[in-house]
Protein chains: 2
Amino acid sequence: MSPIYDRVALIGLGLIASSMFWAIKRAGLAGEVTGYARSEETRETARRIGLCDRVCDTAQEAVEGADLVVLCVPVGAMGSVAKDIASVLKPGATVSDVGSVKRHVIRDVGPHIPEGVHFVPAHPLAGTEHSGPESGFAELFDNRWCLLVPVEGSDPEAIARLRALWEGMGSNVDEMDADHHDLVLAVTSHAPHLIAYTMVGVADDLRRVTDSEVIKYSAAGFRDFTRIAASDPTMWRDVFLTNKDATLEILGRFTEELFALQRAIRTGDGELLFDYFTRTRAIRRGIIDAGQDTDAPDFGRVHGKS
Amino acid sequence: MSPIYDRVALIGLGLIASSMFWAIKRAGLAGEVTGYARSEETRETARRIGLCDRVCDTAQEAVEGADLVVLCVPVGAMGSVAKDIASVLKPGATVSDVGSVKRHVIRDVGPHIPEGVHFVPAHPLAGTEHSGPESGFAELFDNRWCLLVPVEGSDPEAIARLRALWEGMGSNVDEMDADHHDLVLAVTSHAPHLIAYTMVGVADDLRRVTDSEVIKYSAAGFRDFTRIAASDPTMWRDVFLTNKDATLEILGRFTEELFALQRAIRTGDGELLFDYFTRTRAIRRGIIDAGQDTDAPDFGRVHGKS
């Protein structure tokens, strides 16, 4: 594939940025990829493992001359990073991001984008519970969705080019407005993460069930929650604080529904429970048919002596 | 390995029983394994795929002459199956089960066990979201825990023999009393399952987020919940109805905790959220160190074009 951008700058070098670098290299989508991370330790790690063609000591240096700048920092830090780099953005360049919340990012980043620079927010729906510069891999985005959330007046050509980049990295691409994005993600991601964190916290708190029992016997369901609840704390703190309304709305619905099921348990309404559990099975089938998960039992976890 | 039992009877031929059969065969742990399932279709499937050395048309026929009888039916059906087979149990035989709830099973099954027959309840902490006679595989129990829950007066020799069988099938074995078992499982399994069912139900209900969006964008966390919420509806209905007290207690704690986190989101208490999310990460590490899950990102799911 011929390069889509001459120079791409990745600001923040965690799981998503490092996966983007390897995916860009895999398909030859950029002439040069520069990178910057706030922590010196991260920059050193990046240099050691060959993450980015050039690791810079300042965000401004990484951004200079770039055709595409992707902000890959926690949502709460996007605004200050945008402010920091605004003066060195090349005319005609595109600024994008990979944040899990879009209204807040648009509000915080938008005002810093100078005239003549395009702003096309984006969100790849891909990740693992690992974080940091060494956690990335080229296949992370393969067959996963990336949502582009253009703002008013986004240049169609800039959008098309960013779409081509994400498709080149293996993603399927959809466009969506920011309000809808934040609600959909509250359902498919933000509420499930908070619920998983909560359940793991409860288990950790219980004195009658020792940690060691919770850990030994986790295979019965709990360990799936622990994977989600092992995600990056800073990233998730910011997600909940910046997608407050939609997350609280979905959690409200969740609590209502949980109370209805608790009531069915208390009153012994087996029919309600059975019907509910049958209905939820169908969604799983839909996800597998859509190629978004494996049908292999237990996610294809290796069963056997370890 | 030399056989531990001359004849084992499996009553109910779902995921656990079929996995037991293949695990018993793998290690040569029984001379003959007979099987029975209530549904004719299941019996036919079992015969077709070679599940059990002999598939019988009645439970009594399967049980006759067996040294070990394992009840592998939903918890709510254990009592009536025990009643049905009581008269043909061989003196000196052991009756066990694989139910996810132990107090209820002991209460329902215990009274039907004749003098001279041993009753050693058990619960293998292993499973997948698949069910039925074709879902079993020999490796299901490898490195997983099986909890033996002996009742008052359980014969030590009968317990030791059942332990040897489970170890032969690949399990680690612990003993525990029924009350504690039901509480531990409420934490590690029953509450997480109800929570996952609830979250998937909420997503299914939301009209503004279409099914197709929930499915397409599920990789962001939600799809882990859908795996759990795809488990067998009959089995889980019975679990909640028969481990009512412990499940409701844990769900009460969960709701309390969820409200505290919701409040932190509402008031913008980022420090509380960050500390909470950091603490839950440690449990995940414990589970991986204990060999109860893989450290591979995303459970080792295959990332790539599918």
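This is a predicted model: local features need pLDDT of at least 70, side-chain atom pairs count only at pLDDT 80 or more; totals for chains, interfaces and linings use all residues.
# Two chains, one interface

Me: Which residue does A:Asp224 meet in a salt bridge?
Reply: B:Arg227, at 2.7 Å from N to O. A:Asp224 sits in helix 9 (residues 222-228) of chain A and B:Arg227 in helix 9 of chain B, so this pair joins two chains. Helices (H or I, at least four residues) and strands (E, at least two) are DSSP runs, numbered from the N terminus.

Me: How many salt bridges are there between chain B and chain A?
Reply: The count is 14. B:Arg284 also forms a salt bridge with A:Glu129. There the closest N and O atoms are 4.0 Å apart.

Me: Why can such side chains pair?
Reply: Side chains of opposite charge can do so when their charged atoms come close.

Me: How many residues of chain B are in contact with chain A?
Reply: 115 residues of chain B, with 115 residues of chain A. Contact means heavy atoms within 4.5 Å. The two chains bury about 10900 Å² between them, 67% of it on carbon and sulfur atoms. Buried area is the accessible area (1.4 Å probe) that two parts lose on being put together, summed over both.

Me: And how many residue pairs are in polar contact across that interface?
Reply: 32, with both residues at pLDDT 80 or more. A polar contact is a pair of N or O atoms within 3.5 Å; within protein, one must be able to donate a hydrogen and the other to accept it, and residues adjacent in sequence count only if both atoms are side-chain atoms.

Me: Which helix gives the largest share of the side of chain B that touches chain A?
Reply: Helix 7 of chain B, with 22 residues.

Me: New topic. In what order do the six strands of the chain A sheet run?
Reply: 3-2-1-4-5-6, in an open sheet with parallel pairing. Two strands pair if DSSP finds at least two bridges between them.

Me: Why is one side of strand 3 of chain A left without a neighbour?
Reply: Strand 3 (54-55) and strand 6 (118-119) of chain A stand at the edges, each with a single partner strand, so one side of each has no neighbour in the sheet.

Me: How many bridges pair strand 1 and strand 4 of chain A?
Reply: Four, in the parallel sense. A:Leu10 stands opposite A:Val70 in strand 4 of chain A.

Me: What about the sheet in chain B?
Reply: Six strands of chain B form an open, parallel sheet in the order 3-2-1-4-5-6. Strand 2 (residues 30-36) and strand 3 of chain B pair over two bridges. B:Gly35 stands opposite B:Val55 in strand 3 of chain B.

Notes:
Residues are numbered from 1 along each chain as its sequence is written. Chains are lettered from A and ligands numbered from 1 in the order in which they are written. Side-chain values use heavy atoms; hydrogens and water are left out. A salt bridge is a side-chain nitrogen of Lys or Arg within 4 Å of a carboxyl oxygen of Asp or Glu.
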